[in-house]
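This report describes selected local features of one protein model.

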Amino acid sequence: MTPVPVVLAGARGHGRWHVANIRRLERAGLVRLAGICELTPLTEEEAQGALPEQSADFGALLDSTGARIAVICTPIPTHTDLALTAARRGVHLLLEKPPAPSYAEFRRMADGVAEAGVACQIGFQSLGSHAVPAIRQLVAQGAIGEVVGIGAAGAWVRDEAYFRRAPWAGKRRLNGADVIDGALTNPLAHAVATALALGGTARAEDVTGIETELSHANDIEADDTSCVRIGTERGHRVTVAATLCAERAGEPYVLVHGSSGRVTFWYKQDRVLLQRGGHGPEEFQHGRTDLLENLVDHLATGAPLLVTPDETGAFMRVVEAIRRAPDPEPLPAAAWRRVPGEMRRVVPGIDALVAAAADTLSLYSELGAPWAPRTEHPRHEVSTR
């Protein structure tokens, strides 16, 4: 197979991971790094090899390189316009998550991509894990009885510099445009998307209601300590609790609650634990399909895409609910402390609270967190009892 020419938009920050991944697939003969779109050109060291063509003009770079695939890893508010720039040229897409900062922008992107007839993969790498279909199969076989709910927990550590890494970091809006760079919508977005996917509720129409509790300990606009509960057409609830102010960094996980057991999925590790009545605990380690590799395979053989825009519609409903919610409340000074020598803020007790939310499908306010915002949820939201 002739290597597929790829252009990467956004090669610094998280884009460095994409540079390394493209180079890996280049060595395997699957792709060729044809161009890099950045405001400031990369050095050979940053490009991890010989420099391809570089330009700050994304459309012109796609034209001059003859790219077949564009990988977009740029600030969130730029995703839709860049995706449509590629789609109008017939260039297929790997679009980094979150795909857009609002549901309207998501629909503009998804509809434009569909009209152009190009393939689009959304960069939720956790959904490339082979554990996802394996867990779905366990559930379908009745290994844990009926699904009664799904919880997810993400307790991460981020220092104050993290929120200064880019002008849009930690912002809800910037220069009048939506950003929505909160814990649930960006760094721990995988927890939300994976929990929805495991429950078979990944599409927009699968969501019946959303409750949010958003707050922040850091001096930012967006949330860094938050939880969301999603009602679904299938009748079960999905609760995701997240913080970037953990006492200790933990591996994020999704917990599928059944009537006679449960499945825990540590999605960054592709590790699964099955616990059920009458059996000892069973642990499984799974592989993972890279999403860019899957996109190349799709173009070459017609293999199904793993993460299409439609399969992230429910996640985008959550993004929209967070966007439309009242601005996150700053936690009172008594609710957080600075860690000496680490320049980061910690919310004491948050690690246990995040785990309890995933375990009981409860919101922070229902677990007795004295600082949790108590907002009156619209009547159409699913019952909290």
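Ala143 is placed in the loop that joins helix 6 (131-140) to strand 7 (147-155). Its relative accessibility of 13% falls under the 20% limit, so Ala143 is classed as buried. Beyond four places in sequence, Ala143 touches Leu138, Ser260 and Arg276. Ser259 lies 116 residues away from Ala143 in sequence, yet their C-alpha atoms are 9.8 Å apart in space.

The model is predicted. Its mean pLDDT is 95, and 97% of the residues reach 70 or more. Over residues 377-385, however, pLDDT stays under 50, and the model has 17 contacts beyond four places in sequence for this segment.

Apart from neighbours within four places in sequence, Asn218 is in contact with Glu160, Phe163, Asp224, Cys245 and Arg345.

| Residue | Relative accessible area | Class |
|---|---|---|
| Ala143 | 13% | buried |
| Asn218 | 4% | buried |

Helix 1 comprises 13 residues, 15-27, and spans 18 Å from first to last C-alpha, close to the expected 18 Å. Its buried residues are Gly15, His18, Val19, Asn21, Ile22, Arg23 and Leu25. These buried residues pack against strand 1 (4-9), strand 2 (31-37), helix 2 (44-47), strand 4 (69-72), strand 5 (92-95) and helix 8 (291-301). After helix 1 comes Gly29, which has a positive phi near 80°.

Note on methods: Residues are numbered from 1 along each chain as its sequence is written. This is a predicted model: local features need pLDDT of at least 70, side-chain atom pairs count only at pLDDT 80 or more; totals for chains, interfaces and linings use all residues. Side-chain values use heavy atoms; hydrogens and water are left out. pLDDT is the predictor's confidence in each residue, from 0 to 100. Contact means heavy atoms within 4.5 Å. Buried means under 20% relative accessible area, exposed over 50%, partly exposed in between (1.4 Å probe, protein chains only). Helices (H or I, at least four residues) and strands (E, at least two) are DSSP runs, numbered from the N terminus. The expected span of a helix is 1.5 Å times one less than its number of residues.
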